[in-house]
Amino acid sequence: MQTTRWAILGLGRIAHKFAQDLMTLPNADLVAVASTDQARADEFAAQYTRPDGNHPRALARYEDLLPLADEIDVVYVATRHVYHRANTLLCLNGGLAVLCEKPFGMDIGEANQMLDVAEARQTFLMEALWSRFMPTIQQAKAWADEGAIGKVLTIKADFGFKAQYDPSTRLFDKALGGGSLLDIGIYPLFISYLINGMPASIQAAATLAPTGADEQCGMVLTYKNGAMAVLNSTFMANTENLAIIYGTEGTIRIHSRFHESTAVTLEKPDAEPITITFDRSTHGYIYEAQHVMDCLTEGLTESPLWNHADSRNLMTLLDEVRRVVGIDY
């Protein structure tokens with residue numbers, strides 16, 4: 001079994017979850033972690049043990065990953081939205097493959113720049129849209145693709161949690177890419193895109209915080225075949241966090257919280273519901289991480305499940321919603 005050597009750039013809460021999941025994969029080795037603060041890097045590295053019994057190297061500058069390029073197979077970029085482009089380009093231009101957290105960039109221009117560099121250098125780059133690799137999402141897509149619910153008519157998906165308003169935090173500070181759309185609205189948009197592709201039209205409305213970041217955003221997408229998607233994201237309420245796909249012959253229900261769900265149900269008239277459960281003891285980043293490792297082992301430069309065109313399309317949808325509601329970063 002080939003071992004994939006990982007580094008993590010940006011050491012916040014999500015980086016800890018990703019590292020914890022990496023520790024459960026026998027073919028993964030976390031060789032280095034990079035912060036902008038030595039103490040933070042040391043504290044992070046001390047919590048994780050490599051297969052050889054040592055801790056990952058703790059680096060005080062992101063640039064310090066580059067001299068280790070021969071010892072690193074891929075870097076997980078886990079910084080805030082506004083830094084994704086610069087951090088990813090740093091790694092790509094240093095010859096390092098990258099798994100970059102979502103959203104890929106702040107707009108299609110940033111996403112294109114990242115992808116263009118990766119394609120020119122023939123270096124692996126993937127957006128870390130972890131939901132795409134969840135077994136529940138894959139099962140839902142398989143049912144939809146095989147016609148288990150007939151023609152898809154409507155997709156309803158929401159993602160909301162109640163956040164205390166603080167203009168200085170990541171969620172509400174526009175300078176940090178704040179707002180519900182980029183942070184969590186991306187998930188309802190993603191599931192609609194995964195099932196129905198690109199829409200013919202988008203209508204949207206948003207409630208803006210005093211900072212100008214959106215506290216909630218509602219979207220209605222229509223498709224050439226007559227299908228619709230009704231989507232919502234909010235920091236103002238705890239919502240059901242469900243994704244429901246209604247078809248002419250049945251319904252697919254991705255249980256809460258749908259973006260990381262462990263259960264999905266197929267409901268058809270005059271038949272018992274079929275629920276498939278994918279239990280796990282991890283946060284769920286194992287599926288995404290294993291997929292990246294498989295891609296690297298196969299010598300691929302982009303994922304066959306979430307490729308560069310998919311990232312460009314999703315960012316295009318995010319940009320269009322922002323344009324319609326007047327969110328400008």
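The UniProt record puts the feature "domain: Gfo/Idh/MocA-like oxidoreductase N-terminal" (unreviewed entry) at residues 5–126; such positions follow the numbering used here, feature names are shortened, and annotations may be inferred rather than shown by experiment. Everything here comes from a predicted model, where local features need pLDDT of at least 70 and side-chain atom pairs count only at pLDDT 80 or more, while totals for chains, interfaces and linings use all residues. Residues are numbered from 1 along each chain as its sequence is written, and side-chain values use heavy atoms, with hydrogens and water left out.

Residues 5–126 come out as 34% helix and 21% strand, with 16 Å between the end C-alpha atoms. Helices (H or I, at least four residues) and strands (E, at least two) are DSSP runs, numbered from the N terminus.

Now for the helix packing around α8. Helix α4 (residues 108–121) packs on helix α8 (residues 308–325) at about 170°, the axes being 9 Å apart, so the pair is roughly antiparallel. Axes are lines fitted to C-alpha atoms, for helices over the stretch in contact, and angles run from 0 to 180 degrees between N-to-C directions; under 35 degrees counts as roughly parallel, over 145 as roughly antiparallel, 65 to 115 as roughly perpendicular and the rest as oblique. On the α4 side, I108, A111, N112, L115, D116 and E119 meet H308, R312, M315, T316 and D319 of α8, contact meaning heavy atoms within 4.5 Å. By class, this contact holds four nonpolar, three polar and four charged residues (Ala, Val, Leu, Ile, Met, Phe, Trp, Tyr, Cys and Pro count as nonpolar, Asp, Glu, Lys and Arg as charged, and the others, Gly among them, as polar).

Helix α6 (residues 180–196) also approaches α8, with axes that come within 10 Å and cross at roughly 120°, and the two are therefore oblique to each other. Residues of α6 in this contact include L181, I186 and F190, and those of α8 include A309, L314 and V321. Here the tally is 11 nonpolar, one polar and two charged.

Within α8, M315 is buried at 2% relative accessible area (buried is under 20%, exposed over 50%, partly exposed in between; 1.4 Å probe, protein chains only). Leaving aside residues up to four places away in sequence, M315 touches P103, F104, G105, M106, D107, I108 and A111.
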